[in-house]
Amino acid sequence: MGPVRVTAIAGLTALEELDTDPFLVDSRSQHAMCARWAAERGHVVARELLVRGLRPDHCLLWEGVRPGADLFVAPSLRVLERALSSVAEFTAECKRRGVRVETVDGAEPSYDAAMKARVHRRLSMPTAGYDGR
């Protein structure tokens, strides 16, 4: 059957919120946290979603998801609350479809001014070829 396929969910948050909540803005770190979690368990990240207020029944969530073989993971409940219109409805839909949903709940990075500047640069200049390094 192969390794468990993971859909990593990150919350899309406006760049204007970088100073007040940098982790919610930093989708790259959110996806990296999910990828580490998956790798530690021998799972494979098959998809990375970046969404805000998505309906739990939206086809984007469920495209190609196999009951009993796939799972959703998000860095934390607060990220899920940003990404989905209703976490309760989403978890109920996961249960109904036989798909697990997990949260990493690991420590979020501490953002200093330089880290915030890198996130800002990466998100404000995506068409200029800047990749955040």
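**Terms and basis of the model**

A residue is called buried under 20% relative accessible area, exposed over 50%, and partly exposed in between (1.4 Å probe, protein chains only). This is a predicted model, in which local features need pLDDT of at least 70 and side-chain atom pairs count only at pLDDT 80 or more, while totals for chains, interfaces and linings use all residues. Residues are numbered from 1 along each chain as its sequence is written, and side-chain values use heavy atoms, with hydrogens and water left out.

**Cysteines**

Cys94 is buried, at a relative accessible area of 1%, whereas Cys59 is exposed, at 57%.

The structure holds zero disulfides, a disulfide being a pair of cysteine sulfur atoms within 2.5 Å. For Cys59, the nearest cysteine sulfur is that of Cys94, 15 Å away. For Cys94, the nearest is that of Cys34, at 14 Å.

**The sheet**

Helices (H or I, at least four residues) and strands (E, at least two) are DSSP runs, numbered from the N terminus; two strands pair if DSSP finds at least two bridges between them. Four strands form an open, parallel sheet in the order S2-S1-S3-S4. Strands S2 (44-51) and S4 (100-103) stand at the edges with a single partner strand each, so one side of each has no neighbour in the sheet.

Strand S1 (residues 5-11) is joined to S2 by seven bridges, and Ala10 stands opposite Leu50 in S2.

**Helix packing**

Helix H2 (residues 27-40) packs on the sheet and touches S1, S2, S3 (70-74) and S4, where contact means heavy atoms within 4.5 Å. Helix H5 (residues 87-97) also packs on the sheet, touching S1, S3 and S4.

How values were computed: Axes fitted to C-alpha atoms, helices over the stretch in contact; angles between N-to-C directions.
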